[in-house]
Amino acid sequence: MKSSKLPKTSVTTERHFITVQGMPVEVVRKNIKNLHLAVYPPDGRVRVSVPVRLTDEDVRLAVVSRLGWIRKRQAMFQSQERQSAREFVSGESHFVQGRRYRLDVIEENRPAAVRLRNNTTLELRVRPGTDRHKREEIINHWYRTLLKNQIDQLLPRWEKKLGVTVSEWGVRKMKTRWGTCNIEVRRIWVNLELAKKPPQCLEYIVVHEMVHLLERRHNDRFLALMDKYLPNWRHMRDELNREPLAHEHWVY
Ligand SMILES: [Zn+2]
């Protein structure tokens, strides 16, 4: 989109993605003086803040001229990411609904159980010898139940507000999406990872997917609907894009 076509009085920030040598680059146009390029953890995504007067071609040239530096930063984040992969042992930080908890693993000869304790601790009870993979599975099952309860409460409220009906929904592990909506069958999938995010972020994704039942594309009408029903949705989107909680790359 050419910046000159934007109504400058009403739009202070505009963002979209371009691809430079196979790499997605987020372009954020706003009222600033100089181009600013940044590479973010955990996965090294690239964002360029640019003055309104600069075109996408200017951005492309700037990115290409700094490609060596970008690749170096990305390689650094990748090695950090490998180091911080979860082991599911006591003392680790884990997030639940946007809050950080300390994991406490208790081994005992009883069926597995997960619970929150004292607002500070995520307690995982497992049989002795339960390996890392199985521990993760148990916690993910708990996350799934938690998330389903949240969605169960959100959906009827938003069906009423938006005047739409969702015929089917579920929770899934997804690599690149927070949520999806199949408009034809009115089915919504929500990413399991959202159990770790603040409840407002989950609500934003649910509303976003439900608004697709009113408008298929991310066009002006879609944005107007989001602004109408969830005025601070941009804040939630930024929060989802900022938090380096998941060791995966998100496109949303
Ligand atoms: Zn969408």
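Author: Helices (H or I, at least four residues) and strands (E, at least two) are DSSP runs, numbered from the N terminus. By that count, the protein chain has six helices and 11 strands. This is a predicted model: local features need pLDDT of at least 70, side-chain atom pairs count only at pLDDT 80 or more, and totals for chains, interfaces and linings use all residues. Residues are numbered from 1 along each chain as its sequence is written.

Reader: What makes S10 and S11 a pair?

Author: Two strands pair if DSSP finds at least two bridges between them. Strand S10 (residues 179-182) and S11 are joined by four bridges, therefore they count as a pair, and they run antiparallel. Gly179, for instance, has Val190 in S11 as its bridge partner. The two strands form a hairpin with four residues between them, and in its turn Arg186 has a positive phi of about 55 degrees.

Reader: Why is a set of residues called a nonpolar core?

Author: Because its members are buried Ala, Val, Leu, Ile, Met, Phe, Trp, Tyr and Cys residues joined through C-beta atoms within 7 Å. Buried means that 20 or more other C-beta atoms lie within 10 Å of a residue's own, with C-beta atoms placed from the backbone. Of the 252 residues of the protein chain, 18% count as buried. The largest nonpolar core has 28 residues, and Leu147, Val190, Leu194, Cys201, Tyr204, Ile205 and Val206 have the most contacts inside it. At least two residues each come from several elements, including strand S8 (121-126), helix H3 (132-162) and helix H4 (199-211). H4 gives the most to this core, with eight residues. Apart from it lies another core, of seven residues, among them Val25, Val27, Val46 and Val48.

Reader: Which residues is Tyr204 in contact with, leaving aside its neighbours within four places in sequence?

Author: Leu230, Trp233, Met236 and Arg237. They are called contacts because the C-beta atoms, placed from the backbone, lie within 7 Å. Across the protein chain, among contacts between residues at least 6 apart in sequence, 45% join residues at least 24 apart.

Key. A residue is buried if 20 or more other C-beta atoms lie within 10 Å of its own, exposed if 12 or fewer, and partly exposed in between; C-beta atoms are placed from the backbone. Two residues are in contact if their C-beta atoms, placed from the backbone, lie within 7 Å.
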